Amino acid sequence: MSHQPDRQEYNITAYTENQVGLLNRIAIIFSRRKINIESLNVSPSEIEGIHRFNIVITETEDVVSKLAGQIEKQVEVLKVYYNTNADVIWQEMALYKVPTDVIAEKASVERLLRENGARAVVIRKDYTVFETTGHREETDALIAVLQPYGLIEFVRSARIAIIKGSNGFNSKLREFERREPGEDVAENEFLNSRDAVFTM
Amino acid sequence: MLNNEPTTIAEPEALAAAAPSDMEEALAPNATGAVAVLNILLAEGVDTIFGYPGGAIIPIYDALYDFKDQLNHVLVRHEQGGIHAAQGYARASGRVGVVFATSGPGATNLVTGLADAQIDSTPLVCITGQVFAHLLGTDAFQETDIINITTPVTKWNYQVTKAEEIPEALAKAFYIARSGRPGPVLIDITKNAQLQPFHFAPYKPCTHIRSYRPKPIVRTEYLQQAAALINQAQRPFVLWGQGVILGAAEQEFKAFIEKSGIPAAWTILGAGALPTNHPLNVGMLGMHGNYGPNVLTNECDVLIAIGMRFDDRVTGRLDKYARQAQIIHLDIDPTEIGKNVTTAVPVWGDCKETLPLLTALVEAKSHSEWHQRFQGYMAEEVDAVIKDELFPTGEELTMGEVLQQLNELTQGEAVIVTDVGQHQMVACRYARFNHSRSNITSGGLGTMGFALPAAIGAKFGAAERPVVAIIGDGGIQMTIQELGTIMQTGVDVKIIILNNRFLGMVRQWQELFHTRRYSFVDIASPDYVTVASGYHIAGQRVEAREDLAYGLRQMLEHPGSFLLEVMVAKENNIFPMVPQGCSVAEIRLR
């Protein structure tokens, strides 16, 4: 596949009903187009009973906007937003298991862990589990640091992201629940209100 | 298909006993899940069901035994036939088609029809039986994960495992299937839910789902922008699709066209929304569409697309498609706007609402010079293609002359149901349609085997109209078993088999693009008239031109179904043609 320079990471945020099978319905929108989901997190949202999907993919904006439209078209999806990394506050959490004796014996390791903002979650005789939270580069950096000291296990969570410009979903949901919602909800978000261009 | 019962059969009494003992008297069970299903169908106005029984749906069929006077169940010969029949019913009537099938193979046999209905936006509610809830995931007899199998090919689906879920699930199913951009819905009901007695409260249809907005608010600024573009256009051109029919906006569309004076061309699913002989109807779009509409797509200055989705068979090569034109797109589905072509003005909405608003804003015009361009191209096409197709002088019969003769006899009043391939293109190009909902064909999916069952369904959906199925010798053999459904129900369907002893469309491509390497396209046929007679269906074979008119008349005048096999030229090609990878302006006349 040829490299497209305008491809970048996008954070797709979907507010949905809590429904069995919806994860599959959303996942196949990507797999049908042979697009790899790089990170997927499903969690509660600020509203009880409403779920929030955070999906990360690397694509062009044209593709992402079409995918967002396809997701929002699903009956049980309330609303979909997509944002570049600059538009969100995002975090990923990572866990690292290392032999305790190495940590205990080598002061340099302890220093490195501190420098990387790692925190011990469990300390046992045979192994210790550290945790860091941050951007991909940060959690990656600590792998490289710990590798020479016998990193036993590593795992990283999916990305969670908060949209900087969002006012939350509470007022929106009330609109959705109305039989005849106002224009903001009934009209699509794809309409860029500033220059009145339909960008979907 | 096996219909063996699972070895464990739960008795309704046993399930009733398991119900919570503290149930209020007012909420005492008054129906089983199965009985509720049938009452809901009646409440939703269903009169016809196409189906096939089997182990996991026996409780619903058992209940159906008592509803025989109110619900007409059509026993098909294969579930695929059942769902295509429901599609034909829905397309002819504008109502939701309903299908029953059992679990496992019964359910998987629906998949092609679901995909067809999804891509052609046909409203269906399919109810499948499923194994007992406690057996889910155990590889039980006739268990398949039909919810996950059908997720990509349904607008919505849901698995019911308790009887109490049935009213809400079915209410949502009908609402979702018929509202917004219509589509197929599948409800999978486990056998215990069908058997379970529960309190069935008076049924309330669904009218609102908070996460689902079938109808957008119409924004007037876009209508004003659209009208401004249209009013200043020198060469405006309208493309319409099935959205006009699905929105029941035929009159609104006609009013718009007649006031604005804009020439209008149709996609194959849009055919009939404006009568064929309307002076502003300039013909068919796409790969085998008319010459003028294709060439002039690349010369118009404003392109107004109404309820169509710029399918690749319509646009040809996309980067050379109408680049000079500003495109106004009216559609109810926002994901269609800007999907394939760049839109200058998006008019998101139900065209039944948006068209009258637009009509009010556009100036009355005639665009007569622009019209003459279409007429000029049509004259060229008549000369190069149509004349020889409809009035051939060679010895062999053409598909076109069959359509021409049929038009003479039906005068455009018939519902024409077609399969997929050369005969489909000929029928769409040449059949006359006076009314909307007259052209029923598998458009998006291109499903061979669609026509025979769809015609059966169409006749149930439009009993007062003559229904003529036109099918190739390939497609008929894919669902020929549905002759049994015709036999048993006595439904009056006229069947024309255009037999060229080839899988003609593939053969045409092999001839034109693969140096005539005819790889597995010469398909043998049984003696169709004999096969029909085995099903007690009258039939006739026509091999010579002098017998054609008589054969067609005999078919149409026959009381009841009739199969007419017409032996047509083996190696005729469909032209004009936009070869794959070419722009619409590169359409070939020969």
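Trainee: Which residues make the nonpolar surface patch of about 360 Å²?

Mentor: This is a predicted model, in which local features need pLDDT of at least 70, side-chain atom pairs count only at pLDDT 80 or more, and totals for chains, interfaces and linings use all residues. Residues are numbered from 1 along each chain as its sequence is written, chains are lettered from A and ligands numbered from 1 in the order in which they are written, and side-chain values use heavy atoms, with hydrogens and water left out. A patch is built from residues with over 30% relative accessible area and no salt bridge, like charges being joined within 9 Å and nonpolar side chains (Val, Leu, Ile, Met, Phe, Trp, Tyr) within 5 Å, where a salt bridge is a side-chain nitrogen of Lys or Arg within 4 Å of a carboxyl oxygen of Asp or Glu, and areas come from the Shrake-Rupley method with a 1.4 Å probe. The patch is made by Met93(A), Leu95(A), Val121(A), Val122(A) and Val155(A).

Trainee: Is Val122(A) buried, partly exposed or exposed?

Mentor: Val122(A) is found in strand S6 of chain A, and helices (H or I, at least four residues) and strands (E, at least two) are DSSP runs numbered from the N terminus. Buried means under 20% relative accessible area, exposed over 50%, and partly exposed in between, with a 1.4 Å probe and protein chains only. Because its relative accessibility is 32%, Val122(A) counts as partly exposed.

Trainee: Why are the buried residues of H5(A) on the same side?

Mentor: In helix H5 (residues 136-146) of chain A, the buried residues are Thr139(A), Leu142(A), Ile143(A), Val145(A) and Leu146(A). They lie on the same side of H5(A) because they cover an arc around the axis of only 165°, the arc being that of the directions from the helix axis to the C-beta atoms.

Trainee: Which exposed residues does the face of H5(A) turned away from its buried side carry?

Mentor: The buried residues of H5(A) pack against strand S5 (88-99), helix H4 (107-115), strand S7 (127-134) and strand S8 (153-156) of chain A. The face turned away from that buried side carries the exposed residues Glu137(A) and Ala144(A).

Trainee: With which residues is Val145(A) in contact, leaving aside its neighbours within four places in sequence?

Mentor: Val145(A) lies in helix H5 of chain A, and contact means heavy atoms within 4.5 Å. Leaving aside those neighbours, Val145(A) is in contact with Leu112(A) and Asn116(A).

Trainee: Lys34(A) and Ala322(B) have a positive phi; which of these residues counts as buried?

Mentor: Lys34(A), with phi near 55°, is in the loop between helix H1 (22-31) and strand S2 (39-44) of chain A, and it counts as exposed because its relative accessibility is 78%. Ala322(B), with phi of about 50°, is found in the loop between helix H14 (312-315) and strand S13 (326-331) of chain B. At 2% relative accessibility, the residue that counts as buried is Ala322(B).

Trainee: How many Å separate the centres of domain 1 and domain 3 of chain B?

Mentor: Chain B is divided into domain 1 (12-198), domain 2 (220-373) and domain 3 (397-571), with bounds that come from an automatic or database domain assignment. In the contacts between them, 25 residues of domain 1 of chain B meet 26 residues of domain 3 of chain B. Taken over C-alpha atoms, the centres of these two domains are separated by 32 Å.
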